[in-house]
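Here is a friendly tour of a structure, written for someone who likes cut-offs stated openly. Have a look at the model before reading on.

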Amino acid sequence: MDRGILRQTLIGFVCSILIIDCGLHEGWSTPTISKFNDKDPLKVTSDEIVWIVNLMYVGVGIGSLVPFILMDNIGRKGTLLVTTGPKILSWIFIGLSTSVPAIYAGRILAGIGCGITYAVMPMYLGEISSKRTRGPLGTLMAVLLNIGMLLIYAIGLWISRFAMAMISLCAPVFFLLTFMWLPESSVFLTRKNRLGPAEKTLQWALGKENVDEELEEIKRIVETEDKCSKLTLREMFKEIITKAHNRRAFRIALILLSGLTLTGAAPILAYQSYIYNEAGFEISTNASIIITGVGIVLAGSVCVSVVRLTGKRLLLLIAAPICVVSLATIAIFFELQSGGYDVSRFKWVPTVFVVIYVLGFGLGLNPIPLAYIGEIFGVEVRVPAAVLNALYYAISTTAIVKFYQVVQELYGTFAPLWTFTAITFLIWVLIYLFVPETEGKTLEEIQLELRDKE
């Protein structure tokens with residue numbers, strides 16, 4: 001293995017720590033909320049539990065806007081270092097809090113840190129890596145998030161909220177102490193006309209002395225982006241509305257983000273301990289949660305491994321019906337149970353089909369939308385598209401978690417699950433009709449296809 005690959009692997013390892021920390025926050029509510037009013041002395045109502053889950057996603061929406069203020073002033077590296085501030089504070093608030101408002105503050109801070117990470121980390125990895133490592137480093141993000149969720153399930157189910165937070169605190173601290181020694185993005189340095197440091201960064205990251213070709217390519221990228229940066233934010237939003245190919249790209253993004261958020265993954269994963277307890281299956285609830293964590297990691301790993309062979313569209317078309325059948329089966333079980341039918345022989349159904357649902361979700365609906373969003377928008381609308389996508393993600397996830405809580409309490413667990421089934425089926429149809437294949441195509445080819453099909 002040459003020096004360049006080794007150094008980029010080192011960069012990927014260090015950056016993975018911050019992404020795994022996001023997974024710890026994403027998965028934190030699953031092992032925690034069932035302990036409130038019991039093992040955890042904090043008294044929490046069902047409405048407060050919803051906001052404990054949801055406020056992180058509100059923070060993600062806020063955090064995703066921060067990079068557009070910081071990135072071009074202090075750089076990608078500087079912005080990621082700043083991210084460790086809210087992440088460290090969030091674990092301190094979560095671990096030490098003795099009141100619900102303090103938990104709220106910790107969850108919002110966690111969301112802000114994760115929102116910044118989601119916006120900046122793919123950009124930093126894309127700009128610091130070579131063509132050989134860019135693909136693997138980029139697609140690993142969803143898998144690393146799922147590994148973080150599995151880790152918090154594995155440790156959080158058996159220890160206190162304080163111990164869990166203090167262990168998790170090590171992740172952003174370790175990232176801060178290691179990432180500070182890594183170089184800044186050569187694209188940012190070139191934009192600031194610091195060509196000497198940009199060349200040294202390329203030489204170090206690529207492991208070779210002659211980087212003239214790579215530096216010239218970066219100069220062309222910066223020149224193109226500088227032309228687009230002369231547009232005001234209002235003009236960029238106008239580009240989305242008035243240009244047919246931009247409208248089509250935004251439609252694809254909404255379909256895929258809806259598959260990520262409106263199909264029920266956030267409430268199902270957060271409330272899975274309640275689902276298992278309601279079903280009354282003999283297997284330990286903790287064991288069931290660990291199995292779903294392992295399932296989503298394995299499915300994401302399969303996605304990363306096969307996506308170049310199968311393409312992204314086919315994986316989506318396989319994943320969606322798996323989720324539809326799983327959700328419908330769980331909904332049927334709980335509807336029969338609520339209707340007074342004897343389902344004692346089928347108590348295993350919710351546990352088994354939640355795992356199958358997670359496998360389908362992890363195979364396509366979870367990792368693939370972010371990959372599409374990075375490809376389908378032209379440079380001239382990338383900033384407003386990122387803002388709109390982040391806001392849609394935050395608002396739709398918050399709404400779907402609240403919807404689950406309200407409808408479940410009013411009508412029973414089967415009611416929101418039937419809704420998720422219908423939404424997932426609709427998204428499956430929309431993917432078939434409107435989402436093109438982008439795997440193996442250059443960004444220019446994708447843009448041409450979006451123009452030609454209108």
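In this predicted model, the C-alpha centres of domain 1 and domain 2 lie 21 Å apart. Domain 1 covers residues 1-182 and domain 2 covers residues 232-453, with bounds that come from an automatic or database domain assignment. The contact draws on 32 residues from domain 1 and 34 residues from domain 2, where contact means heavy atoms within 4.5 Å. Between them, the two domains bury about 2,800 Å², that is, the accessible area (1.4 Å probe) that two parts lose on being put together, summed over both. Carbon and sulfur atoms account for 71% of that buried area.

A word on conventions. Residues are numbered from 1 along each chain as its sequence is written. Local features need pLDDT of at least 70, side-chain atom pairs count only at pLDDT 80 or more, totals for chains, interfaces and linings use all residues, and side-chain values use heavy atoms, with hydrogens and water left out.

How confident is the predictor? The pLDDT, which is its confidence in each residue from 0 to 100, averages 86 over the chain, and 91% of the residues score at least 70. Confidence is lowest in helix α9 (residues 212-229), with a mean of 70, and highest in helix α19 (residues 414-434), at 97. Helices here (H or I, at least four residues) are DSSP runs, numbered from the N terminus. Where pLDDT is low, the predicted coordinates should not be read in detail.

Next, the charged pairs. A salt bridge is a side-chain nitrogen of Lys or Arg within 4 Å of a carboxyl oxygen of Asp or Glu, and a search of the whole structure finds three.

Which pairs are buried or exposed? Buried means under 20% relative accessible area, exposed over 50%, and partly exposed in between (1.4 Å probe, protein chains only). Across the interface of domain 1 and domain 2, the rule finds one salt bridge.

What about the cysteines? A disulfide is a pair of cysteine sulfur atoms within 2.5 Å, and the count by this rule is zero. The sulfur of Cys114 has its closest cysteine sulfur in Cys22, 3.5 Å away, so the pair is too far apart for a bond. For Cys323, the closest cysteine sulfur is in Cys303 at 13 Å, again too far for a bond. Cys114 is buried at 0% relative accessibility, and Cys323 is buried at 0% as well.

Finally, Ile159 sits in the loop between α5 (131-156) and α6 (161-179). Its relative accessible area of 27% makes Ile159 partly exposed. Leaving aside residues up to four places away in sequence, Ile159 touches Lys35, Met164 and Ile167. Ile159 and Leu260 are 101 residues apart in sequence and 30 Å apart in space, C-alpha to C-alpha.

Terms used
pLDDT is the predictor's confidence in each residue, from 0 to 100. Helices (H or I, at least four residues) and strands (E, at least two) are DSSP runs, numbered from the N terminus.
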